[in-house]
Amino acid sequence: MFTLAEVASLNDIQPTYRILKPWWDVFMDYLAVVMLMVAIFAGTMQLTKDQVVCLPVLQSTVNSKAQPGMSGKADFTTVETTTGQGEEALMRTVSFGSAPTVTPDVPLSRATSPQYQPTESGQELKKEQKDSSGRKTNLDFQQYVFINQMCYHLALPWYSKYFPYLVLIHTIILIVSSNFWFKYPKTCSKIEHFVSILGKCFESPWTTKALSETACEDSEENKQRLTGAQSLPKYVSTSSDEGSPSASTPMITKSGFKFSADKPMIEVPSVTILDKKDGEQAKALFEKVRKFRAHVEDSDLIYKLYVGQTVIKTVKFIFILCYTANFVNTISFEHICNPKVEHLIGYTQFECTHNMAYMLKKLLISYISLICVYGFICLYTLFWLFRIPLKEYSFEKVREESSFSDIPDVKNDFAFLLHMVDQYDQLYSKRFGVFLSEVSENKLREISLNHEWTFEKLRQHVSRNAQDKQELHLFMLSGVPDAVFDLTDLDVLKLELIPEAKIPAKISQMTNLQELHLCHCPAKVEQTAFSFLRDHLRCLHVKFTDVAEIPAWVYLLKNLRELYLIGNLNSENNKMIGLESLRELRHLKILHVKSNLTKIPPNITDVAPHLTKLVIHNDGTKLVVLNSLKKMTNVAELELQNCELERIPHAIFSLSNLQELDLKSNSIRTIEEIISFQHLKRLTCLKLWHNKIVSIPSSITHIKNLESLYLSNNKLESLPAAVFSLQKLRCLDVSYNSIVSIPVEIGLLQNLQHFHITGNKVDVLPKQLFKCVKLRTLSLGQNCITSIPDKVSQLLQLTHLELKGNCLDRLPATLGQCQLLRKSGLVVEDHLFDALPSEVKEVLNQDTSIPFANGI
């Protein structure tokens, strides 16, 4: 037999799992316990009481039933036949023949004595039979025990013997079937995780306190409170129930959604602000729910396992009922036994009584009744499983009763678990649904964010940028703190990697705000906030991964002056950018696009009349179609960087107002088309750096008004004299080429202020270089120069001199006569500087404010 403790362990389910036990599972568990007690009770009775009691059927009794008038004669004849035998025969007579003739009043020795005379009269026999209260048999105790055991196994029906064990086995199988889904490895981990999360969601301070700001109460009790609250004055708080630790505490305890129009949102700090620990716990719960949903929704194993175990229990019930009903009538009190051991006992037939038959029959009927009830519950469970789609769960009622209209419907095992929880208490699933809502999660982030980022903390992060403007950069926050909009003197606001950024009407307080950066931040704005931005915002930077991230309101900022778009704008998405939508930006002057365009969209002509600067930075994608550039007649600055251009686009030559052209990082090898720049009368700056140019054509001399020429990082080996005919040239950069010498014609550039020839192969500096007395920057580093002429002292306006990386063995002492040169502007090896005379070093070490009368 099993001990009760061992059997009970099969039904040992963690108390927390009770929320997944609907009423029918609980009822069936109790029925299983009762059936278990029936089995134990019946088994105990079988062990403690005699099994059967058997008595031999006397031969005289049998014959008297067949021939009543011959019974005494038959008995006498039997004795007569055996009385003349020896002792062995006498013993057999005791066992077989003489026993039926012995009366209770006659001793056994006398009944077996040879002197017993069978000649007594029939009247005496009748008297003896009349006076006798029973007839003795000549069986000893061991023979009775032997025959009782044999007849227990031969005459007693098998069901009477094994009924307690069968009930025990059936009950154990039913218990295992009921709880197998809690034990199976592939389901128990999900169930354990679900129950853990569900309990934390139910008890989270976020569901009991903070949600009162955004959601209506979803319980019936709170509906009644809200109905009663309408009769209260509007300034009376209805949040007194919030402190209750009861599990039925509603999610929203202050004001419902329907009161938001009548009652201002004035909250008690203890309610609206969670402490840091509770806020972090709620954030972790949102993340756990999101991951658990993704993990559980992809399969329906739990549902199938539960259906399978319910089907097994139903089949088991039918099987038990079918075979048990047939054996009810086989349990009886009397049984006839023919053990066929006449040679040992002396009798062929026995009448046996099963003293537990009555009790077992009652227990069997009780067991059948319990099984019937159990089976009907199993059938109801199957009906419930297939009546509604349990692999789908809708939070429609929760969405209707709260402001969380974005709670998604769930499916598969996630839905089934929620259906099971509803059978325990619907309040669990309602509160759990709150943690599926993005609105709820965003509100939590907002509360925690405002708690962490106070006005004082934000003020500490304000800095001054290069333009001497007050700038605040917020990076990777969950939202935009409300205190940001109290920084009324802020000029630049940068929001980076803030996916849920919202700009409220409070931004209208920031009257100095003119520049806004949205870096991977698809911000949403309120109508009042948009009106303010439309009228005040002048510069907008938008960095994105996909063009769909660009907020639609960007294209409606009519007073915007500068727009920077940085992100993926391939050919398929070009029309989404608008640049047709940009037609509303009638005051736009600067358009900066850093992307992977293959052509300049034709619709750019809608904004082209307003543009003065167009910047296109590609990521190496070849820019093919440039014809639309011809219509951009007002463009003064044009940058086409990293566009894989091999020649200077002809469309550029039509830009009559062009002043600065930057073709950096392309694949231009020849610039013979430069002669056409003579039509661009206003062109003053030409940047052809980081290309593959090998020579400068002499036609460059036709660009009379050129002031800046950048040809660094190319493949030039020499500088033609035509370059030095550009009398207005103020900046010449030919760094990192293969130039061997500096032509003496450089002395013609009397207006030259910046000359960069770093990273070449120059070994001698011509004296004519020092006739360029307006030079302020002279970069000669990383060449092969062996000496610096003393005439360097003629460069009185020199502020920056780079000599590092040459073959110098000394510096001229005349450096001290360069009045504006300081040690910070002298880039040279330390040992060369240390070799200078002390008075020169003293002059160079002076740190005084230098008035730039002729500043750049």
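C151 and C337 are both buried, and in this predicted model the two form a disulfide with their sulfur atoms 2.1 Å apart. The torsion about the S-S bond of C151 and C337 is about -90°, so this disulfide is left-handed. The pair links distant parts of the chain, since C151 lies in helix 8 and C337 in strand 2, 186 residues apart.

A search of the whole structure finds 2 disulfides, and the other joins C54 to C352, with an S to S distance of 1.9 Å. The link of C54 and C352 is right-handed, with 110° about the S-S bond. This pair also connects distant parts of the chain, with C54 in strand 1 and C352 in strand 3, 298 residues apart. C54 counts as buried because its relative accessibility is 1%, and C352, with a relative accessible area of 3%, is buried as well. When the bonded cysteines of the protein chain are numbered in sequence order, the pairing reads 1-4, 2-3. C731, by contrast, is in no disulfide, and the nearest cysteine sulfur, that of C685, is 7.8 Å away.

An open sheet of 3 strands has the order 1-3-2, with antiparallel pairing. Its edge strands, each of which pairs on one side only, are strand 1 (53-56) and strand 2 (334-337), and the twist from one strand to the next averages 25°. Strands of a sheet in general pair through backbone hydrogen bonds, in either a parallel or an antiparallel sense. Here strand 1 and strand 3 (residues 350-353) pair in the antiparallel sense over 4 bridges, and L55 has E351 of strand 3 as its bridge partner. Helix 8 (residues 141-154) packs on the sheet and touches strand 1, strand 2 and strand 3, while its direction makes about 110° with that of strand 1.

In soluble globular proteins, nonpolar side chains tend to be buried together. The largest nonpolar core here has 131 residues, of which F677 and F755 touch the most other members. Helix 23 (residues 527-536) gives the most to this core, with 4 residues. Because domain 2 (461-519) and domain 3 (716-848) both give residues to this core, it lies between them. Which residues does F755 touch, not counting those up to four places away in sequence? They are L732, V734, I742, I746, L769, L775, T777, L778 and S779. A second, separate core of 82 residues includes V195, L363, F395 and I407.

Leaving aside neighbours within four places in sequence, H419 is in contact with W384, I388, P389, L390, E392 and Y393.

How values were computed. Residues numbered from 1 in each chain as written. Predicted model: local features only at pLDDT ≥ 70, side-chain atom pairs only at ≥ 80, totals over all residues. Heavy atoms only, no water. Pairing = 2+ DSSP bridges. Helix = DSSP H or I, 4+ residues; strand = E, 2+ residues; numbered from the N terminus. Axes fitted to C-alpha atoms, helices over the stretch in contact; angles between N-to-C directions. Contact = heavy atoms within 4.5 Å. Core = buried A, V, L, I, M, F, W, Y, C linked by side-chain atoms within 4.5 Å. Buried < 20%, exposed > 50% of the residue type's maximum accessible area, 1.4 Å probe, protein only. Domains from an automatic or database assignment. Disulfide = S-S within 2.5 Å.
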